[in-house]
Amino acid sequence: MKGIQPATVAPPKAATVIPLQGKAKRPASAKPTPRGVANWARKNWIAASAIAFVLMPLLVVTFYLGLLASDRFSVEVKLAVRSQETPAVDALGVFSSFGGGGGTASDSYILIDYLLGRGMVEEMTRTVDVRRMYSDSSVDWISRLDATRPIEEIVEYWQKMVTASFEPATGIVRIEVTAYDREETVKLANAVVAAADGLVNRLSAESRHDALKAATTELERAEQRQRLIRAAMRKFREQEQIADPIRRAGAQQEMIEKAKGELQRIETELQTARGFMKDDAPSIVVLKNQRAAMLKQIDELQKEVGVEGSASGEAGKAGGRRAVASMLATYEELEAERQFAEKAYLSALASLERARYDADRKQRFLAVFEKPGTPEEAKYPRTLRDITVAFLAFGLLWGLGVFIVFGIREHT
């Protein structure tokens, strides 16, 4: 009886208990259903969003950088734009100095813009097959250049592969050229340096040509001005019928002084003669006549020197010529203009000779003091740094999103 009792009691319990338990737990080995995953995501949405927006993108970035990204080699070049020393310019030649030796900083900025612009890409396409270099099948499909794209997109791709910067304090231009092959990177860097040197040479040649042209124009202008002044001087001498008004004024002033001296002598003799002769004495009458004639002569000389002559009066009878003072003022103005025109002409001539001398040599040249060298290892991608940056970026965006969701829930 004791051996039969467990067999008669235990099975009914199992048969009656199993159907009545409708909410029995799922065995551990059973697979979760999509409905169960959705329920878990709703209850643990923060962890689910972290997996979706941080972990999964980070895994994709890590997979790409670690397994798919092509190695990119880098070559750095350091150079500077230098100018020839130019001689000092005198005070009068300031206005006629062209194409000075300054402006290397502006040339450096022009060089950088050229290196990163469309002109550089087109020149590199003629010397180095840039499209083939960056669109090779060995390059991963994300970093690879689509050679069929328009030139604007190729320029954008070029600006990612080549960087340039300028340090105003030292005047150094730093150029970094990157490519996916070691030898092609060095070849491309040498082509970039050659193109930069060609640009600087063109700028120097244009500057020399402009300086020579401007100096020639200034010299022609100075010659024309000098011819006009000489013509005015010749016309003045023909009208006044005198070669040197200054000498004439000096001679007339000397005549006045002599006449005054003679008048003073006559006055002295007249006063002496009146002491013992009557006024109607022949000697006194002669002295009076001499004094009157001398006064008239002095008056005419003074009028000729300082007063305009007229058609009437004694000065008019002498020819009605212009007073020496007025004529001398006009002559001094013409003489001052002639001297200035002559100095300007000499300065323009010196500037032309200097421009011709500078035209035979470079005013700007490219000094490369760190030439392209063959890299030993790839510089890009920087896997650890890029993964860290990606993690921080994804984490920041995810945290901002969670903060916004909590804010919305708080307000609703």
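A salt bridge is counted here when a side-chain nitrogen of Lys or Arg lies within 4 Å of a carboxyl oxygen of Asp or Glu. The structure is a predicted model, in which local features need pLDDT of at least 70 and side-chain atom pairs count only at pLDDT 80 or more, while totals for chains, interfaces and linings use all residues. Residues are numbered from 1 along each chain as its sequence is written, and side-chain values use heavy atoms, with hydrogens and water left out.

**Salt bridges**

The count of salt bridges comes to 14.

| Pair | N to O distance |
|---|---|
| E153 and R149 | 2.8 Å |
| K379 and E176 | 3.1 Å |
| R338 and E342 | 3.2 Å |

Helices (H or I, at least four residues) and strands (E, at least two) are DSSP runs, numbered from the N terminus. By contrast, R338 and E342 both belong to helix α12 (residues 324-359), where they are 4 residues apart, about one turn of the helix.

Burial is classed by relative accessible area (buried under 20%, exposed over 50%, partly exposed in between; 1.4 Å probe, protein chains only). E176 is buried because its value is 16%, whereas K379 is partly exposed at 35%. R338 is partly exposed at 27%, and E342 is partly exposed at 33%.

**Surface patch**

F63, L67, L68, W141 and I142 make a nonpolar surface patch of about 590 Å². Patches comprise residues with over 30% relative accessible area and no salt bridge, with like charges joined within 9 Å and nonpolar side chains (Val, Leu, Ile, Met, Phe, Trp, Tyr) within 5 Å. Areas follow the Shrake-Rupley method with a 1.4 Å probe, and for residues only the protein chains shown count as cover. L67, found in helix α3, is exposed with a relative accessible area of 62%.

**Largest pocket**

The largest pocket holds about 240 Å³ of space. Of its 15 lining residues, the closest to its centre are Y64, R72, S143, M161 and Y180. A pocket is an open set of points on a 1 Å grid over the protein atoms alone, where a 1.4 Å probe fits, with protein on both sides within 12 Å along at least five of seven lines; lining residues have an atom within 4 Å of a point.

Conventions
Points joined across faces, edges and corners; volume = space filled by probe spheres on them.
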